[in-house]
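Subject: Structure for you to look at

Dear colleague,

My notes on what was found follow below.

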Amino acid sequence: QVQLVESGGGLVQPGGSLRLSCVASGRVGRIYVMGWYRQAPGKQRELVVTITTDDRRDYADSVKGRFTISRDSSKNTVYLQMNSLKPQDTAVYYCNYKRPWSAPPLDYWGQGTQVTVSS
């Protein structure tokens with residue numbers, strides 16, 4: 001089992017910044033993929049960005065150049081720095097941990113943190 005705890009959401013004005021954190025605990029292992037997804041009201045959950053343990057990153061086009069994912073492997077923590085926020089970034093942001101190559105495949109989610117971009 002892997003537990004994920006997010007923090008850092010809140011209300012911010014357009015153009016502002018927020019930093020989200022996600023701490024993984026439990027049987028995390030050394031090789032995995034972590035990332036952030038988001039779900040706006042009435043919409044499906046969508047990928048924001050993922051990062052592998054060899055630091056490969058995959059960003060959604062909508063956030064490229066504005067959001068940056070980083071990780072601290074010593075703390076099993078990933079961060080999402082969000083700059084130049086737009087009202088359309090408003091959503092619940094979920095942390096995700098995956099090991100799709102495991103048997104059975106592992107896929108865990110955090111509880112979500114609300115990000116609201118509004119003036």
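A charge is taken to sit over a ring if NZ of Lys or CZ of Arg is within 6 Å of the ring centre and within 35 degrees of the ring normal. By that rule, arginine 19 lies over the face of tyrosine 79, at 4.1 Å from the ring centre, and arginine 45 lies over the face of tyrosine 94, with a distance of 3.7 Å from the ring centre. Please keep in mind throughout that this is a predicted model.

Going through the pairings, strand E1 (residues 2-7) is joined to strand E3 (residues 18-26) by 6 bridges, and the two run antiparallel; here glutamate 6 stands opposite cysteine 22 in E3. E3 is in turn joined by 6 bridges to strand E8 (residues 77-82), again antiparallel, and in this pairing leucine 18 stands opposite methionine 82 in E8.

The largest nonpolar core has 31 residues, of which Leu4, Met34, Trp36, Leu80, Met82 and Tyr93 touch the most other members. At least two residues of this core come from each of E1, E3, strand E4 (33-39), strand E5 (46-52), strand E7 (67-72), E8, strand E9 (91-99) and strand E11 (113-117). As general background, nonpolar side chains tend to be buried together in soluble globular proteins.

Valine 48, which lies in strand E5, counts as buried because its relative accessibility is 0%. Not counting residues up to four places away in sequence, valine 48 touches, among others, Trp36, Tyr37, Asp58, Val63, Phe67, Leu80 and Tyr93. The C-alpha atoms of valine 48 and tryptophan 36 are separated by 5.4 Å, although the two residues are 12 residues apart along the chain.

As for aromatic rings, a search of the whole structure finds 3 aromatic pairs. In one of them, the rings of tyrosine 37 and tryptophan 109 have their centres 5.0 Å apart and their planes at 70°, so the pair is edge-to-face, planes over 60 degrees apart being counted that way. This pair links distant parts of the chain, with tyrosine 37 in strand E4 and tryptophan 109 in strand E10 (residues 106-109), 72 residues apart. Are these two partners buried or exposed? Tyrosine 37 counts as buried, because its relative accessibility is 16%, whereas tryptophan 109, at 34%, counts as partly exposed. Separately, Tyr32, Tyr97 and Tyr108 form one aromatic cluster.

With best regards

Technical notes: Residues numbered from 1 in each chain as written. Predicted model: local features only at pLDDT ≥ 70, side-chain atom pairs only at ≥ 80, totals over all residues. Heavy atoms only, no water. Pairing = 2+ DSSP bridges. Helix = DSSP H or I, 4+ residues; strand = E, 2+ residues; numbered from the N terminus. Core = buried A, V, L, I, M, F, W, Y, C linked by side-chain atoms within 4.5 Å. Buried < 20%, exposed > 50% of the residue type's maximum accessible area, 1.4 Å probe, protein only. Phe/Tyr/Trp six-rings, centres within 6.5 Å; stacked < 30°, edge-to-face > 60°. Contact = heavy atoms within 4.5 Å.
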